[in-house]
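Here is a short report for a reader who is new to this structure. Look over the sequence and the model first, then read on.

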Amino acid sequence: MSVATVARAFHPGGAIAAETRALVLRRAEELGYHPNALARGMITRRTRIVGVVVSDLANPFYPAALERLTSRLQGAGYNTMLVMTEPEGAAAASEAAALRLLLSYQPECAIVLATTLSSAASRACREAGTPLLFLNRHPSDPEAAAIVCDNAQGGAALADHLIDRGATRLAFVGGRADASTHAERRAGFLGRCAERGLPPPLEWPGEGVAGAFTYAAGQAAAQALLAGPDRPQAVFCASDILAIGFQEAARGRFGLRVPRDLAIAGFDDIPMAAGRRTT
């Protein structure tokens, strides 16, 4: 057989008889041969690579999201290339280096997960002809696309849920103040509390205190909000991992029963939160 005939056998839409394709694939299996995806990409000018840019995998929401994203991409015939940057707010050098590495492989798309690229980084992707998609974050670049849930409405719905169950002293535990997820969930929660005629909820982190979407941050928040005499009746944590840390501290350090003594709500519905709804 000619080289062209064999090559067409490995393309689903290639013009080749079914019997010939089956013969080629059977022989390839016997020889242990697999097409070279990189070489094919040089010919077709399609790498079938989707770059994923991340900075924070401490929050269990993101590994779970990455697992599902990768599975769907592989099912569609794409390979995932993961590049890491420093956490948000760190030096831009890490971001630039990660992006240079990613773009050198000519990905067909870049997905930004758990970080917020600068305008310069977004511009570099556009100049390279690489579509850019933000997942679970609103980008600073107005030309970039994003897929996010309605964080503000979710925060408002949780406020209604807690207030409807009799809570009048509420608290909000946030993550990174520069993350859109934090800002939107906080705005929805505090706004609805005001609409319902409640005083402003207690908040952590306070002024000048750096927040994070981590288990340790949830424990620190519990220590700050539950130690005083006017502890809240209900707490909304801006992520499930914050809520889990807060709940463990409320039980272990303060002896509180959840939700009898203190109601705690999270956001994200990660698997490890499933068994922690009531005690």
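Leu101 is partly exposed: its relative accessible area is 44%. That value lies between the 20% limit for buried and the 50% limit for exposed. In this predicted model, Leu101 belongs to helix 5, residues 92-104. What does Leu101 touch beyond its neighbours within four places in sequence? Its contacts there are Met81 and Val83. Val83 is 18 residues away from Leu101 in sequence, yet the two C-alpha atoms are 8.0 Å apart.

**The sheet**

Val83 leads on to the strands. Val83 sits in strand 2, where it is the bridge partner of Val53. Strand 1, residues 49-54, runs parallel to strand 2, and six bridges join them. How does the chain get from strand 1 to strand 2? It passes through helix 4, residues 61-75, in a right-handed β-α-β crossover.

These two strands are part of an open sheet of five, with the order 2-1-3-4-5 and parallel pairing. Strand 2 (79-84) and strand 5 (145-147) form the edges, each pairing on one side only. From one strand to the next, the twist averages 25°. Further along the order, strand 3 (residues 109-113) runs parallel to strand 4 (residues 132-135), and four bridges link them. There, Ile111 has Leu133 in strand 4 as its bridge partner.

**Helix 6**

Which residues of helix 6 are buried? In this helix, residues 119-127, the buried residues include Ala121, Ser122 and Cys125. They lie on the same side of helix 6, because they cover an arc of only 100° around the axis. After helix 6 comes Gly129, with a positive phi near 75°.

**Backbone details**

Positive phi also turns up in residues other than glycine. Arg48 has a phi of about 60°. It is in the loop between helix 3 (37-44) and strand 1. Asn136 has a phi near 70°. Its loop runs between strand 4 and strand 5. Are these residues buried or partly exposed? Arg48 has 25% relative accessibility and counts as partly exposed. Asn136, at 8%, counts as buried.

| Cis peptide bond | Omega | Loop holding the proline |
|---|---|---|
| Trp204 to Pro205 | about 5° | Pro205: between strand 7 (202-204) and helix 9 (215-226) |
| Val258 to Pro259 | near 10° | Pro259: between helix 10 (240-252) and strand 9 (263-265) |

**The whole chain**

The chain has 279 residues, and 43% of them are buried. Its secondary structure comprises 10 helices and nine strands.

Terms used
Residues numbered from 1 in each chain as written. Predicted model: local features only at pLDDT ≥ 70, side-chain atom pairs only at ≥ 80, totals over all residues. Heavy atoms only, no water. Buried < 20%, exposed > 50% of the residue type's maximum accessible area, 1.4 Å probe, protein only. Pairing = 2+ DSSP bridges. Axes fitted to C-alpha atoms, helices over the stretch in contact; angles between N-to-C directions. Right-handed = clockwise from strand over helix to strand, strands pointing away. Arc of directions from axis to C-beta. Contact = heavy atoms within 4.5 Å.
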